[in-house]
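Please examine the sequence and the model below.

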Amino acid sequence: MRLESRFFVRAMVFRARFRKHIFFSLSLFFCLSPPPPLYPFWKREEEEERLDLTITRITFHKTRIKRRLQTELMSLMTSSDAGISAFPDGDNIFSWVGTIEGAKGTVYENLKYSLTLSFANEYPYKAPVVKFSTPCFHPNVDQFGNICLDILKEQWSPAYNVRTILLSIQSLLGEPNNDSPLNTHAAGLWSNQEEYRKLLHKKYKEDGAKN
């Protein structure tokens with residue numbers, strides 16, 4: 001009994017010392033650990049002011065874009081240019097739907113095509129994204145409606161507007177750039193205007209029947 005009591009007492013003493021050691025180690029660790037850095041309130045205020053300024057600039061720039069697009073819309077509506085038109089798609093001034101009719105004397109005469117125009121926040125310093133929404137058989141138009149036109153890419157200028165874009169695409173229909181075609185079949189057939197006209201009108205009727 002005495003031997004068992006001694007072992008029990010020693011075990012209890014060891015357990016108490018072990019707990020005391022663990023508690024001391026943890027206390028020392030937390031005492032020596034550096035406190036989390038405090039974020040200066042003035043820096044927080046500076047960031048909030050910077051964020052407010054950015055939002056204000058974006059809002060002001062969007063307002064300028066809206067005003068410009070509204071002006072372009074009025075100019076387009078009052079113009080006497082034949083075969084082109086475009087209007088905002090619903091209430092979204094940054095998304096337009098346009099229509100182009102082939103010019104007289106070309107194989108596209110009396111053919112009408114629809115387009116979409118999407119304006120980014122960088123407009124007019126960045127060209128809008130313009131695509132044919134209806135199929136268009138043309139050397140510079142691919143199957144997805146993408147258009148290969150220099151003023152919509154590297155030759156874009158803030159001086160251009162919706163009217164100049166539509167007129168340029170209308171001109172492109174009758175005068176394609178066969179040096180950089182998106183539709184090689186159409187580009188190869190262009191030199192034979194009679195065969196081109198037959199295939200063009202055939203595809204136009206087929207696409208119209210599908211839609």
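Predicted model: local features only at pLDDT ≥ 70, side-chain atom pairs only at ≥ 80, totals over all residues.

Q: How many residues has helix α3, and what distance does α3 reach from its first C-alpha to its last?
A: Helix α3 covers residues 162-174, which is 13 residues. At 1.5 Å a residue, a span of 18 Å is expected. The distance from the first C-alpha to the last is close to that value, at 19 Å.

Q: Within what arc do the buried residues of α3 fall, seen down its axis?
A: Val162, Ile165, Leu166, Ile169, Gln170, Leu172 and Leu173 are buried in α3. These buried residues line one face of the helix, because, seen down the axis of α3, they fall within an arc of 160 degrees.

Q: Which residue has a side-chain oxygen that reaches to the backbone nitrogen of Arg163?
A: The contact lies at the start of α3 and places the two atoms within 3.1 Å of each other. The side-chain oxygen belongs to Asn161.

Q: Which strands are the edge strands of the open sheet?
A: The four strands have the order β1-β2-β3-β4, with antiparallel pairing. An edge strand pairs on one side only, and this applies to β1 (84-89) and β4 (129-132).

Q: What is the bridge partner of Ser95 in β3?
A: Strand β2 (residues 92-101) and strand β3 (residues 112-118) run antiparallel and are joined by seven bridges. In β3, the partner of Ser95 is Ser118.

Q: What angle does the direction of α3 make with that of β1?
A: Helix α3 packs on the sheet and touches β1, β2, β3 and β4. Its direction and that of β1 make an angle of about 130 degrees.

Technical notes:
Residues numbered from 1 in each chain as written. Heavy atoms only, no water. Expected span 1.5 Å × (residues − 1). Buried < 20%, exposed > 50% of the residue type's maximum accessible area, 1.4 Å probe, protein only. Arc of directions from axis to C-beta. Polar contact = N/O pair within 3.5 Å; in protein donor to acceptor, adjacent residues only side chain to side chain. Pairing = 2+ DSSP bridges. Contact = heavy atoms within 4.5 Å. Axes fitted to C-alpha atoms, helices over the stretch in contact; angles between N-to-C directions.
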